[in-house]
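Please consider the structure shown here. The questions that follow ask how its features receive their names.

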Amino acid sequence: FTSAAQATAWAPGGSYPWAESKREVVKHFLLDHLKLTTLQAEFGLVEVAGATTCTGCEVLQLETTENGEVAQVTVAAFDTAGGKQVFTVVGVTGGDLTVSTPASGAALTSPTSVSGRITGVDEHVLLRLVTTPGSQIAQGGAPAGSAVPWQGTLSWTDTSWSTAAIVGTTGSFKDGSLTRLVVVPVNRATGASAGPSFVGITDGHVSLFDASTGDRLKQLTFPPAGKTDVRAAWAAGTVLWVRSAQTGCDDALHRLDNGTATTVVPAGRFQLGSPQLSPNAGWMAWVQTPCSGGSPSIVVTGGGAPGRTLEVPSGTSASVLDVREDGALLVHTNDRAGGNAGTVALVPGGSLTLNDAVPLAPIGDCYLGGSAAFDGTTPVAVETCLSDSRLVRFTDGGGRRSTGPRVTSLEAPTSLTIRAGVVLLWLAGGDSVGEIARYRDGAVTVLVPNTGCTSVSEPPGCVRAPDW
């Protein structure tokens, strides 16, 4: 964590005993995350008084019976909601083992040269690259001594990570036990910031993907045990997402802006769904249903105006498909009795009731299956006729403005998002999690195939609910 808001978003009122103890956090980091198996079961963590590198930080000295001081671990404490305090590791130095290059926070490409200094003779530095989720993706080594700087190389092919750490260790020649430890946080160099990207739900968290290749760029959220991220929206570097417990009515809505996390709706009050952001992230909208029972409502807020709550008629389900920079909404409503594709409608900005909604009407035997979005200010929806689909652009009054070419053998997509005229589809998969694809001029290009991802059993890496 780098702020109390991030800590609160990770532990919103929950109880995480290991995170509430600085010693247990350090043990968790060393044993579970870095997997330092050469550490003996018994080791000491001694508090060190004096200045640290950050305000409010404390230093714990890692000591072993065999080798004395091994490293100094700096931890920071953050207050969370409910008066809890959680700790996070912010630095690890290894005494006379230092890393000169790369610098902390550097952006790396493969291969990367790692160099540093050490005191002594006939030493060997083991180098590893460990990602933030805890996977080791590279390993190397370097002979070392006092006479000259040591130098080693790390190479990898994995491109799914965004943040990681270079872990340098030395061991005893007698029994292999750990003698020194240094950790340097780094990033993966990527051109993602220069191109389009989208978010999706994978393995219970929100990740960022390259919209040109479908490659995963970075993990954006890190839910604690017992929590799962189930839906997200992405715009202008901001992510808005719903975090849910595995049981009960415990949804929360969180927002992450340039590394700062805030809680929009705290857990335990509503069941939450279909969060949406306007292209500049100035507006938010979502559906909420009281945990105490009752009908759902649509909440829309932003633009400096008071928040609005639009009641959904009893017996009707609703989802927000998109929100525009003037606060207008595209919504999909459906009679819970089923039997039809429901209605896609535009709710003008400033409206206080769904009675103001203007339906977007299909023609003939075609239907709009709930896949619609704003392309700038223009409402766009996928119209399906038998097994073919096409994009239709509408006016704010519900009239048809233009119709795109038919895409043959394409069922109505599960969702549609548009940014700068480029269309991203989540294709219908029947009993499986459908592909994520880009659409242009009647052609569909699959970005994430979701092979083997079924609604019953999903292997790791399946991607759901993309947002452009």
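Aromatic rings, disulfides and a helix

The structure holds one aromatic pair. The model is predicted, so local features need a pLDDT of at least 70 and side-chain atom pairs count only at pLDDT 80 or more, while totals for chains, interfaces and linings use all residues. Residues are numbered from 1 along each chain as its sequence is written, and side-chain values use heavy atoms, with hydrogens and water left out.

Q: Why is the pair of F198 and F209 called stacked?
A: Rings of Phe, Tyr and Trp (its six-membered ring) pair if their centres lie within 6.5 Å; planes under 30 degrees apart count as stacked, over 60 as edge-to-face and the rest as tilted. The ring centres of F198 and F209 are 5.2 Å apart and their planes stand at 10 degrees, so the pair is stacked.

Q: Which parts of the chain does the pair of F198 and F209 tie together?
A: F198 belongs to strand β13 (residues 197–202) and F209 to strand β14 (residues 205–210), so the pair ties together parts that are eleven residues apart in sequence. Strands (E, at least two residues) and helices (H or I, at least four) are DSSP runs, numbered from the N terminus.

Q: How do you know whether F198 is buried or exposed?
A: Buried means under 20% relative accessible area, exposed over 50%, and partly exposed in between (1.4 Å probe, protein chains only). F198 has 0% relative accessibility and therefore counts as buried. F209, with a relative accessible area of 4%, is buried because of that value.

Q: What makes C249 and C291 a disulfide?
A: A disulfide is a pair of cysteine sulfur atoms within 2.5 Å. The S to S distance of C249 and C291 is 1.9 Å, and a disulfide joins them. By this rule the count comes to three disulfides.

Q: Where in the chain do C249 and C291 lie?
A: C249 is in the loop between β17 (238–245) and β18 (252–257), and C291 is in the loop between β21 (283–290) and β22 (297–302). The pair links distant parts of the chain, 42 residues apart.

Q: Why is C249 placed in its accessibility class?
A: C249 has 26% relative accessibility, so the residue counts as partly exposed. C291 is partly exposed as well, because its relative accessible area is 33%.

Q: How do you know that C366 and C385 form a disulfide?
A: Their sulfur atoms are 1.9 Å apart, and C366 and C385 form a disulfide. This pair also links distant parts of the chain, 19 residues apart: C366 is in the loop between β27 (358–359) and β28 (367–375), and C385 is in strand β29 (residues 378–385). C366 counts as buried because its relative accessibility is 13%, and C385 counts as buried because its value is 7%.

Q: What is the handedness of the link of C366 and C385?
A: With 105 degrees about the S-S bond, the link of C366 and C385 is right-handed. The link of C249 and C291, at -75 degrees, is left-handed.

Q: What is the sulfur distance in the disulfide of C453 and C462?
A: The sulfur atoms of C453 and C462 are 2.1 Å apart. The angle about the S-S bond is -95 degrees and the link is left-handed. Both C453 and C462 are buried.

Q: How does the span of helix α2 compare with the expected one?
A: The expected span of a helix is 1.5 Å times one less than its number of residues. Helix α2 (residues 22–33) has twelve residues and reaches 15 Å from its first C-alpha to its last, close to the 16 Å expected.

Q: Where around the axis of α2 do its buried residues lie?
A: The buried residues of α2 are K22, V25, V26, F29, L30 and H33. They cover an arc of only 125 degrees around the axis, which puts them on the same side of α2. The arc is that of the directions from the helix axis to the C-beta atoms. An α-helix has 3.6 residues a turn, so residues three or four places apart point the same way.
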